[in-house]
Amino acid sequence: MNRAAILWRVASVLVAAGFIAAWQLVTNLKLVSPVFLPGPDRAWAALVRGFSSGDLAGKLIGTLEHMTYGWFAASIAGIALGALIGSSKMMRAYVAPSLEFLRPLPVSAIIPVAIAMLGLTQGMALFVIAFGAIWPIMLATIHGFAAVEPRLYEVARSLQMSRTAIIGKIALPSALPDILAGMRLSLTVALILSVVCEILAGLDGLGHWVLLSARAFRSADLFAGVILLGATGYLTSIAMSLVEQRLLAWQTAAR
Amino acid sequence: MSVVARLIEARAARRQKPLIAFNAATLRLGGKTIIENLDLQVRPGEFLCIVGASGCGKTTALRLAAGLYRPTSGAVTFEGEEITEPRREVAIVFQDYGKALLPWRTAAGNISLALEASRVPARERGARIEALLRKVGLPGHADKYPTEMSGGMQQRLQIARCLAQEPTTLLMDEPFGALDAMTRQGLQDEVLSLTQASETTVIFVTHDLDEAIYLGDRVIGLLPHPGRIGIELDVDLPRPRDQLATREHPEFLRLRRQLFDFIKATEH
């Protein structure tokens with residue numbers, strides 16, 4: 001890392017510290033009632049208390065489970081369907097209009113449908129999360145497969161590569177940057193929908209914790225939950241970037 | 001007849017039988033006739049160059065020989081057998097090396113692609129890759145990605161990948177068109193030494209007339225709209241060719257003149 005990069009990093013930490021200090025100042029001056037807005041000190045204490053009693057860890061694991069299962073299901077289905085649609089011009093022409101109708105459909109609109117059909121169950125949550133998270137992955141995969149350099153297919157033909165080899169060695173690696181970008185977008189979608197499902201269906205997780213804390217006016221616990229959700233989003237996104245950097249090392253090799 | 005004489009005769013007979021033959025091959029694409037009634041025989045071991053103004057169908061002729069296109073009428077054959085699909089003993093060197101290489105694979109990985117397709121066992125690949133890289137003048141570059149290499153190096157890499165197929169025939173589509181003059185001359189000599197030693201048959205498409213005469217045993221000039229043969233020249237220049245001596249040879253200059261006049265006449 002060069003000096004400028006270090007300075008930027010320091011500056012960004014200072015800004016974050018400034019926000020926390022401002023938050024503390026607002027609560028210390030009681031500009032907002034402490035019933036609704038706890039200071040960072042109280043939120044932190046609630047966080048520590050929640051973890052030492054084991055309550056919060058359980059909720060965190062619950063949310064992580066919903067998120068990862070839904071995201072994995074969306075990834076597998078999204079990549080498979082996207083590859084199928086993206087690698088054939090005809091399929092793209094047939095399916096694209098239907099996709100254009102389904103894609104902008106707000107996922108929240110299908111939650112009542114999912115509840116009516118599957119009940120207030122984990123299965124419902126999995127379906128809703130996967131349904132919402134599949135779009136960025138599938139659309140990115142379609143684009144990635146459609147954009148494979150045609151010359152590479154000719155190279156594959158002249159080498160008489162098998163169909164599976166062409167998909168595994170040419171199309172998939174070529175589409176991988178798009179697929180990973182789609183998966184990263186879906187990660188956020190999966191987290192949001194996990195919380196929504198937990199709130200609506202009362203499933204064990206941070207969403208439920210936040211809802212109960214708010215109803216009981218335990219604002220410090222509420223903020224502890226919110227902070228934990230933010231951290232979850234942040235850390236999973238960083239983990240995803242690291243995976244991307246590793247898998248796409250060839251993209252940065254020349255620069 | 002002695003055994004030796006018979007062997008020589010058998011070899012001569014094999015040489016006379018065309019390896020690749022275009023028999024009245026016509027190709028129409030989108031209502032346009034790209035190539036019409038092309039008759040052309042390529043002898044085994046021959047270095048044939050195809051030149052012509054742009055749009056005369058020289059790349060198309062190469063793609064017919066490669067099996068990437070099929071003629072609308074007529075036939076293109078390889079050892080007497082109609083070409084319907086690309087075959088492993090025929091390797092294609094594309095002009096746009098940047099698009100023909102896998103950017104996510106290193107130099108070694110790109111060569112490995114051809115070895116994997118030919119089902120070479122994994123433990124043999126390393127040594128083969130190393131030998132091929134040395135053959136094309138890229139030793140020590142195994143772990144570089146194509147984007148880290150110059151254009152000349154990338155084209156060498158593509159040639160190495162083609163050689164990994166162990167082809168009897170190389171089809172080269174303006175392979176040095178995008179390279180600077182010095183790199184181009186170096187690669188011309190390398191292609192000559194690589195193919196002459198192994199008696200590889202080459203069809204070489206270029207728009208550089210000097211290059212065609214310098215490399216070829218025979219040069220075909222195509223006429224455009226639709227593509228057909230306009231001139232055919234046998235190049236009787238001594239081998240091995242030399243960048244200075246060959247290009248100063250009176251015969252070279254005579255052929256060059258003839259070819260330039262032909263191309264100039266087609267441009268109207």
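From the N terminus on, chain A of this predicted model runs α-α-α-α-α-α-α-α-α-α-α, with eleven helices and zero strands in that chain. The C-alpha atoms of chain A fill a box of roughly 75 × 55 × 30 Å along the principal axes, and buried residues make up 38% of the 255 residues in the chain.

**Chain A overall**

- Among the contacts in chain A with a separation of 6 or more, 71% are between residues 24 or more positions apart.

**Helix α9 of chain A**

- Within helix α9 of chain A, which spans residues 206–215, the buried residues are Leu206(A), Gly207(A), His208(A), Trp209(A), Val210(A) and Ser213(A).
- These buried residues of α9(A) pack against α3 (55–86), α8 (163–201) and α10 (219–247), which are likewise elements of chain A.
- Just after α9(A), Phe217(A) takes a positive phi of about 55°.

**The largest cavity**

- A search of the whole structure finds three cavities of 30 Å³ or more, and the largest cavity has a volume of about 60 Å³.
- The lining of the largest cavity draws on both chains, with Val155(A), Ser158(A) and Leu159(A) from chain A, and Ile92(B), Phe94(B), Gln158(B), Arg161(B), Cys162(B) and Gln165(B) from chain B.
- Two or more residues of this lining come from α7 (150–158) of chain A and likewise from α6 (151–164) of chain B, and α6(B) gives the most, with three residues.

**Arg88 of chain B**

- Arg88(B) is found in the loop between β5 (81–82) and β6 (90–93) of chain B, and Arg88(B) counts as partly exposed because its relative accessible area is 27%, a value that falls between the 20% limit for buried and the 50% limit for exposed.
- Not counting residues up to four places away in sequence, Arg88(B) touches Leu159(A) and Gln160(A) in chain A, and Ala117(B), Ser118(B), Gln165(B) and Pro167(B) in chain B; of these, Leu159(A) and Gln165(B) also line the largest cavity.
- The C-alpha atoms of Arg88(B) and Asn23(B), which are 65 residues apart along the chain, are separated by 22 Å.

- His225(B), a residue other than glycine, has a positive phi near 50°, and His225(B) counts as exposed because its relative accessibility is 63%.
- Pro226(B), by contrast, counts as buried because its relative accessibility is 17%, which is under the 20% limit.
- Leaving aside neighbours within four places in sequence, Pro226(B) is in contact with Thr33(B), Ile34(B) and Glu36(B); the C-alpha atoms of Pro226(B) and Thr33(B) are separated by 5.6 Å, although these residues are 193 residues apart along the chain.

**Other backbone features of chain B**

- A cis peptide bond also joins Arg239(B) and Pro240(B), with omega about 0°, and Pro240(B) is placed in the loop between β10 and α9 (245–248) of chain B.
- Glu174(B), in the loop between β7 (169–173) and α7 (181–197) of chain B, has a positive phi of about 40° although it is not a glycine, and Glu174(B) is buried, with a relative accessible area of 11%.

Conventions: Residues numbered from 1 in each chain as written. Chains lettered and ligands numbered in written order. Predicted model: local features only at pLDDT ≥ 70, side-chain atom pairs only at ≥ 80, totals over all residues. Heavy atoms only, no water. Helix = DSSP H or I, 4+ residues; strand = E, 2+ residues; numbered from the N terminus. Buried < 20%, exposed > 50% of the residue type's maximum accessible area, 1.4 Å probe, protein only. Contact = heavy atoms within 4.5 Å. 1 Å grid on protein atoms, 1.4 Å probe; cavity = no way out; pocket = protein on both sides within 12 Å on 5 of 7 lines; lining within 4 Å. Points joined across faces, edges and corners; volume = space filled by probe spheres on them.
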